[in-house]
Amino acid sequence: LDAETYRRHGLHADERVWVEKNCSVDICIEVVHALGLEPLAMLGFVTAIDFEGDQWTFFKPPHDELRDLFGVDFQELNVWRPLSAHVVEHVGSGKLVSTEADAFYLPDTAGTDYQRQHTKTTIVIQDFDLAKRRLGYFHNAGYYALEGEDFVKLFRVGAPPDPTFMPLFAETIRFDRLARRPADELRSMARAILAKHVSRRPTDDPVARFGKRFAA
């Protein structure tokens, strides 16, 4: 992929009220879109969002639904080596790697976090060149690239071992069993998933509950 020419999905068009949803949903939208599939089919889960007392449900596509709809398989990655070594291993074998990252080193967050504050976010790594210090990644509403010092800091290249550093959470994304379903079949599956989540929706108005909590 080329960060300069990449065309993001319509859910991330500039005219959307919220161009960015949250990092987990956004990267799934763009990964599915980049694979030539329709991410609208996976969005039934949003109907079950609730107000949890001090925050809203952190919404993200359930992994089993991504696997059923598209054959896209997320699996947790055991980070027992430097993350860069795992990325070389798995991206080199044709997978993607989803990982927590520090937005301080992500140029696409210029104007908010980049070189300003350390904030945890999630990216999906699609292109990785350790020798040339170059990264191509999905983040928020698009696909981007970085290199040089940002790469070095993001992956702690050359940093001495630090027993106080906690490994980042990461997942591999396999798509060797990708399912390109006819539109009618995909719609039928999406409707069934939507019905399942609608049945789990809040029993009362979560916005009203949020309003009371906010006022208090």
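Guide: This is a predicted model. Start with the largest nonpolar core, which has 27 residues. Among these, Met42, Leu66, Phe70, Val124 and Phe138 touch the most other members.

Visitor: What makes a set of residues a nonpolar core?

Guide: Members must be buried residues of nonpolar type, joined through side-chain atoms within 4.5 Å. Buried means under 20% relative accessible area. Phe138 is listed as a member, so it meets these conditions.

Visitor: Which elements give two or more residues to this core?

Guide: They are α1 (23–34), α2 (63–70) and α5 (183–198). α1 gives the most, with six residues. Apart from this core lies another, of 21 residues, including Leu77, Val87, Phe104 and Ala170.

Visitor: What is phenylalanine 138 in contact with, leaving aside neighbours within four places in sequence?

Guide: Its partners include Ile27, Glu30, Val31 and Ala34. Leu1, Tyr6, Ile123, Val124, Gln126 and Tyr143 are also in contact with phenylalanine 138.

Visitor: Why do β1 and β5 stand at the edges?

Guide: The open sheet has six strands, in the order β1-β6-β2-β3-β4-β5, with antiparallel pairing. β1 (73–77) and β5 (142–147) each have a single partner strand, so one side of each is left without a neighbour in the sheet.

Visitor: How do you know that β1 and β6 pair?

Guide: A pair needs at least two bridges. Five bridges join β1 to β6 (residues 170–174), so the two strands count as paired. In one of these places, aspartate 73 has arginine 174 of β6 as its bridge partner.

Technical notes. Residues numbered from 1 in each chain as written. Predicted model: local features only at pLDDT ≥ 70, side-chain atom pairs only at ≥ 80, totals over all residues. Heavy atoms only, no water. Buried < 20%, exposed > 50% of the residue type's maximum accessible area, 1.4 Å probe, protein only. Helix = DSSP H or I, 4+ residues; strand = E, 2+ residues; numbered from the N terminus. Contact = heavy atoms within 4.5 Å.
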